[in-house]
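This briefing goes with the structure shown below. Keep the view open while reading, and find each residue as it is named.

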Amino acid sequence: MAKRQVLSGLNIFWRMILGYLVVIFLVVAISAYSILSLNKINRLANSILSIDQQVIDIEKKMTDSLLAQAQNEQKYFVTRDESYLNLYLSQQQAFAEHFSQLAPLLSSAEEIALKDRIRELFSSYSSRLPLIPSSPSSLLSPSSIDKQTSRPATTGSSSPNPVAAEDSKTTIDELTSSLEKLIGLRQLMINQKMEQLRQMGNQASLITQIFVVASLVLCLILAFFITRSISRPLRKIEKMTEYIGDLNFDHHLNLGVHSPRELAQLAQSFSQMADRLKEIDEMKNNFISHVSHELRTPLTSINEAGDLLLDGVGGEITSRQEHLLQIIKQCTERLIKMVNNLLDLSKMEAGMMNYEFVQASFSQIILHSLQELDLLARKKSIRLEVQLEDNLPLLKMDVDRMQEVVDNLLSNAVKFTPEGGTVRIEARQVTSFLQVSVSDTGPGIPPEYQSRIFEKFQGIKSGRTAGTKGTGLGLSIASHIVKAHGGKIWVESTEGKGSTFYFSLPLTAALEKDFPGEKKEK
């Protein structure tokens, strides 16, 4: 069994390690996927900002330069002002520079075709004008850009040709249209990349959420099984401590083979401790029983000798001697009663107490106890109250033992009630039970003692009860007797406001059968 528990503990340990590794793998996967997705999104965003937007800006500048050239061309032919010619040439140079910047940034086949068309149209447009003496083929060549900055020779009396002007306008319109197409294509590419960014973001968000949810679910499952493997054995250990607290050492702690090794070892040690406590408790009970049995004979002899001396068998005694003998007799009788209670309690705990069940009236038991305690109550000015329900049914019970129960409860009530207080006893039928209650106006019982008040040798440590301590056996004996009759006994108390002891007995109990924890000798 111990070997199986050790192996099971190791299996649980490796399962926990495997669970932790799976969780770590999921966390690493989430991190890696997030980093890759962010890198892709970052590259795509940089492409839009650093290339696509730059291409659109250059194309717009080329369009502006082209339109400025056309305007300056018309103004120059009308006014023959050299400043318009200079503006025309500078815009032409700017267009060539922008074109040289744009060309390496174009990538698609449509853009490259439009680029070639723009070069062709611009060369054609420039060749029609008598402003520049250079050849049309070298107009947009990178090697000729610097040459375009020199001012060309002009004819002083040339006039605009209507046909050439119309062709120039047509060429400008085609160039403008081509540039707009380039801007449209690049804007379309930007829109496609933005859509791609949106899809990548949604996909990354979805996959990350799936990974996170999976990790959380796995963590919850792992935490549940780990907590369960620890909490269930701990609950069993807690239950075992309650049994031991109630002085019940017959239960053994078995956590099963699926408990962690440390808790299994703790349970084994706990069971060994319970077995050892049970042995010690049995040794204590045997010792008390043996000592009580050995004490009863000499105590009885002392009591009989005291009676003989009081009767004058040993000769005439003085009044002072008689007083001392009375003290010896009272102490001896109290010791004999204590020894008898110890022996009776030992029999009850062993299930060997004999009970003589007869049909009797419980009202007579109560009245008899009240008569016995009347003198003591009068000495303390305590008022005794009794309320018995009419026509209480007869009970099958051991009259002497039930008399002992009522005597114990009433004597305790009178003992702990201060002078001028009240003790009240009631008996009534509640459904199929006879319920008896004994109330007092004493100091009450602290809550921490109420659950243990019926255990043997359980006294209440309180300054209010100084001088009224008992042996702590009466309530324990009363509890055993009530349970042997198939009933139950309990207490309700508020500290400083008195206590009420209840016990109930079944009216139709099968008294001949053994009750839990009690056996009867035939």
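Rings of Phe, Tyr and Trp (for Trp, its six-membered ring) count as a pair if their centres lie within 6.5 Å. By that rule, F95, F122 and Y125 form one aromatic cluster. The model is predicted.

**Aromatic rings**

- The structure holds 7 aromatic pairs.
- One of them joins F95 and F122, which are stacked, with 4.3 Å from centre to centre and 20° between the planes.
- This pair links distant parts of the chain, since F95 is in helix 2 (residues 82-102) and F122 is in helix 3 (residues 109-127), 27 residues apart.
- F95 has a relative accessibility of 0%, so it counts as buried.
- F122 also has a relative accessible area of 0% and is buried.
- A ring can also have a charge over it: the charged end of K488 sits over the ring of W490, 5.3 Å from the ring centre.

**Salt bridges**

- Side chains of opposite charge can pair when their charged atoms come close.
- How many salt bridges does a search of the whole structure find? The search finds 15.
- D52 and K193 form a salt bridge in which the closest N and O atoms are 2.8 Å apart.
- D52 lies in helix 1 (residues 2-79) and K193 in helix 4 (residues 162-245), so this pair ties together parts that are 141 residues apart in sequence.
- Are D52 and K193 buried or exposed? Both residues are buried.
- R401 and E404 meet through their side chains in another salt bridge, at 3.1 Å from N to O.
- Both R401 and E404 lie in helix 8 (residues 399-416), where they are 3 residues apart, about one turn of the helix.
- An α-helix has 3.6 residues a turn, so residues three or four places apart point the same way.
- R401 and E404 are both buried.
- R424 and E426 also form a salt bridge between their side chains, with 2.6 Å from N to O.
- R424 counts as partly exposed because its relative accessibility is 26%, and E426 is partly exposed with a relative accessible area of 23%.
- Salt bridges that share partners join D52, E111, R186 and K193 into one network.

**Helix 6**

- Helix 6 covers residues 319-350, which is 32 residues.
- At 1.5 Å a residue, helix 6 should span 46 Å, and this agrees with its end C-alpha atoms, which are 46 Å apart.
- Which residues of helix 6 are buried? They are L325, K329, T332, I336, V339, N341, L342, L343, D344, L345, S346 and M348.
- The residue that follows helix 6 is G351, and its phi is positive, near 70°.

**A loop residue**

- Where is N391 found? N391 is in the loop between strand 2 (383-388) and strand 3 (395-397).
- N391 has a relative accessible area of 77%, so it is exposed; the cut-off for exposed is over 50%.
- N391 and S363 are 28 residues apart in sequence, and their C-alpha atoms are 9.7 Å apart in space.

Terms used. Residues are numbered from 1 along each chain as its sequence is written. This is a predicted model: local features need pLDDT of at least 70, side-chain atom pairs count only at pLDDT 80 or more; totals for chains, interfaces and linings use all residues. Side-chain values use heavy atoms; hydrogens and water are left out. Helices (H or I, at least four residues) and strands (E, at least two) are DSSP runs, numbered from the N terminus. The expected span of a helix is 1.5 Å times one less than its number of residues. Buried means under 20% relative accessible area, exposed over 50%, partly exposed in between (1.4 Å probe, protein chains only). A salt bridge is a side-chain nitrogen of Lys or Arg within 4 Å of a carboxyl oxygen of Asp or Glu. Rings of Phe, Tyr and Trp (its six-membered ring) pair if their centres lie within 6.5 Å; planes under 30 degrees apart count as stacked, over 60 as edge-to-face and the rest as tilted. A charge sits over a ring if NZ of Lys or CZ of Arg is within 6 Å of the ring centre and within 35 degrees of the ring normal.
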